[in-house]
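Please look at the sequence and the 3D structure below before reading on.

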Amino acid sequence: MSAYFSYYLTGFIMLPVFIFALLCQLKVKSAFSKYSHITNKRGMTGADAAYKLLMLNGITDVKIKRISGRLTDYYDPKAKEICLSDDVFNSRSVAAIGVACHEAGHACQHAQGYAPLKIRNAVIPVTQIGSFLGVPLALIGMILYSEPIIYAGIILYGAVAFFQLVTLPVEFNASRRALQTIEAHGFLDNEEYKGAKSVLKAAALTYVAALASALGTLLRLFLIISRGNRN
């Protein structure tokens, strides 16, 4: 009975997490789509906004470049590049200003030595290994009745959960920097600002969903392993 209970419990854990993650993705796509059709009154492009935010913070060694894709924007700390997607780089939409300033916020974090960003960057190599090998290694350890292999897998996947946890303050802080600059320096008017804020708030939820997914997987792994040990 306990084995069946553990099996169904793992499903009950992951189902709401999956639904939440799906809703978050739909929300961010909906918000971006809505505000990508509203042009800001100042006529700034995403690249203009990112550049201005950098200048306001005295950052002159970061490049801004265009990349392909939709919602593929990111900041590369190694190359010191803000990479803006097709829908952001030359776009004059409210959504583009919000997204571009968010990525510029990451560049400011990097320049100022923001501690959570340093921690996140430091654990990336372990996270890449953990996301690929963590769960399979733990399950292989269970099949082989090898506790060291089991716990090695759990530790590796635990790094993934830790990465998602430390990602939250990094992303929230970047959005806060972006919105403060947008408001303080009049990048957008009041109504446009609310639109940019909606886009960034929706995007922030996707990181909450990623953390929930990682923690859910970790808990599910513990339940499967404890069930195997009882059997």
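This report describes a sheet first and then some helices.

The model is predicted, and local features need pLDDT of at least 70, side-chain atom pairs count only at pLDDT 80 or more, and totals for chains, interfaces and linings use all residues. Residues are numbered from 1 along each chain as its sequence is written.

Helices (H or I, at least four residues) and strands (E, at least two) are DSSP runs, numbered from the N terminus. Two strands pair if DSSP finds at least two bridges between them. Three strands form an open sheet with mixed pairing, in the order β1-β3-β2. Its edge strands, β1 and β2, each pair on one side only. β2 and β3 run antiparallel and are joined by three bridges. Within this pair, Asp76 stands opposite Glu81 in β3.

Helix α2 lies across β1 and β3, and runs at about 160° to β3. Such angles run from 0 to 180 degrees between N-to-C directions, with axes fitted to C-alpha atoms, for helices over the stretch in contact; contact means heavy atoms within 4.5 Å.

| Element | Residues |
|---|---|
| Helix α2 | residues 46-56 |
| Helix α4 | residues 94-111 |
| Helix α5 | residues 115-143 |
| Helix α6 | residues 147-184 |

The axes of α5 and α6 come within 6 Å and cross at roughly 145°.

Helix α4 has 18 residues. Why is α4 largely enclosed by the rest of the structure? The reason is that 16 of its 18 residues are buried, meaning under 20% relative accessible area, where exposed is over 50% and partly exposed in between (1.4 Å probe, protein chains only). After α4 comes Gly113, with a positive phi near 65°.

Note on methods
Heavy atoms only, no water. Expected span 1.5 Å × (residues − 1).
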